[in-house]
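Q: I would like to learn how to read pockets and strand pairing from a set of coordinates. Can we work through one case?

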Amino acid sequence: MRRSRIVGVGSYLPANRVTNEDLAKRVDTSDEWITQRTGIKARHVAATGETTSMLATKAATRALEHAGLKASDIDLIIVGTATPDFTFPAVATQVQANLGITHGVAFDVAAVCSGFVFALATADRFLTSGANKRALVIGAETFSRILDWTDRTTCVLFGDGAGAVVLEAYDAAGTPDDQGILTTHLRSDGRHREKLYVDGGPSTTGTVGHLRMEGREVFKHAVGMITDVIHDAFAATGYSAGTIDWFVPHQANRRIITASADKLGIAPEKVVLTVQDHGNTSAASIPLALDTAIRDGRIRKGQVVLIEAMGGGFTWGSALFRL
Ligand code: UT7
């Protein structure tokens, strides 16, 4: 059977690193509060003129280098983002142009913090159907541009960044021992819009708007939704908390990650945690964490990795793959 497998990873964080102490000079907060409630110690903020497509292109270039491939080897680009450079065109087409690719197809998916999982699942469908051969799957965000920097309940939580993987179709045996994506599960429920949204847009205010969140409400739903789609992934593949090698969750909040891992019985040493270094980078967070743990040698070829995310919409999803 045809499967898709990850053959390269890359990520990029903007140079400007903003610590909790830096933020405490701007809003009524403290390093102690942010660390205790979220685990975040610092986030990166894009420079003036540095856009989502620029971050995405840097992460994509690193993923291509890691894979040992040329840009022309790619015939599909999918970007998960909620902070595009412009209302249109898609960030993906700008990445395509930046990389000098003139063939194939490029488009964005809007699933906010679940954007990378949704983009990966979509690319997997395109590759396993035979429609395309090699994809760049990217999560890229400049959330700093939609934050209300006077609202301490949200501005301390988010950051900018990008991560990418190169996904390649191949003929597999069709067993759970195969390399590549073994299952994906996506869900959404639009009734929760008011709990996490941006209060502007082209068709409402004609402005970009600011992020608004009822943090406690999101937190309440997060763990249940995350564990549900992970149970789906385990049921579909026969893998379990005990037999996966790594858990690379969406990096929103250390407490949500720990509570989810505890509920699922995933051992703490299997959890990849990078939220302390970049805050919640929405769709970029999973490929950022994945890139970190692959490059530092923790995640090795042949190991089984579980990813999950939950975010605005609500949207949520999981994917399980063997590297
Ligand atoms: O990717 C999905 C997107 N979102 C999330 O994953 C976020 C999910 N939610 C969360 O992570 C948590 O709910 C937060 C980190 C946002 C908040 O933590 P919490 O433990 O739920 O705190 P809370 O909202 O219940 O607020 C507790 C107190 C409040 O004061 P009072 O009302 O108890 O006097 C807040 O005003 O903390 C106060 N507070 C702050 N204090 C210092 C809120 N933000 C801050 C702050 N600094 N930045």
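Q: Which element gives the largest share of the lining of the largest pocket?

A: The general idea comes first. Rolling a probe the size of a water molecule over the atoms shows where empty space is left. The case here is a predicted model. Strand E9 gives the largest share of the lining of the largest pocket, with three residues.

Q: What is the volume of the largest pocket?

A: The volume of the largest pocket is about 870 Å³. The lining has 35 residues, and the closest to the pocket centre are Ala82, Thr83, Pro84, Ile146 and Val208. Two elements give two or more residues to this lining: strand E5 (105-109) and strand E9 (196-198).

Q: How do the lining residues of the largest pocket divide into nonpolar, polar and charged?

A: The lining of the largest pocket holds 17 nonpolar residues, 14 polar ones and four charged ones. Domain 1 (2-171) and domain 2 (180-322) each contribute at least three residues to the lining of the largest pocket.

Q: Which residues are the closest to the centre of the second largest pocket?

A: The second largest pocket has a volume of about 700 Å³. Its lining counts 32 residues, of which Leu157, Met213, Gly215, Arg216 and Asn253 are the closest to the centre.

Q: Which element gives the most to the lining of the second largest pocket?

A: Helix H7 gives the most to that lining, six residues. The elements that each supply at least two residues are helix H2 (31-38), helix H6 (152-155), helix H7 (215-237), helix H8 (254-264) and strand E12 (304-311). By class, the lining of the second largest pocket has 15 nonpolar, ten polar and seven charged residues. For the second largest pocket too, domain 1 (2-171) and domain 2 (180-322) each provide at least three lining residues.

Q: Turning to the strands, is strand E6 mostly covered or mostly open?

A: A residue is called buried when its relative accessible area is under 20%. In strand E6 (residues 134-142), eight of the nine residues are buried, so by that cut-off the strand is mostly covered.

Q: Which strands are joined to E6 by bridges?

A: Strand E4 (residues 76-80) runs parallel to E6, with five bridges between them. Strand E7 (residues 160-171) runs antiparallel to E6, joined by nine bridges.

Technical notes
Residues are numbered from 1 along each chain as its sequence is written. This is a predicted model: local features need pLDDT of at least 70, side-chain atom pairs count only at pLDDT 80 or more; totals for chains, interfaces and linings use all residues. Side-chain values use heavy atoms; hydrogens and water are left out. On a 1 Å grid over the protein atoms alone, a cavity is a set of points where a 1.4 Å probe fits but cannot get out, and a pocket is an open set with protein on both sides within 12 Å along at least five of seven lines; lining residues have an atom within 4 Å of a point. Grid points are joined across faces, edges and corners, and a volume is the space filled by probe spheres set on the points. Helices (H or I, at least four residues) and strands (E, at least two) are DSSP runs, numbered from the N terminus. Ala, Val, Leu, Ile, Met, Phe, Trp, Tyr, Cys and Pro count as nonpolar, Asp, Glu, Lys and Arg as charged, and the others, Gly among them, as polar. Domain bounds come from an automatic or database domain assignment. Buried means under 20% relative accessible area, exposed over 50%, partly exposed in between (1.4 Å probe, protein chains only). Two strands pair if DSSP finds at least two bridges between them.
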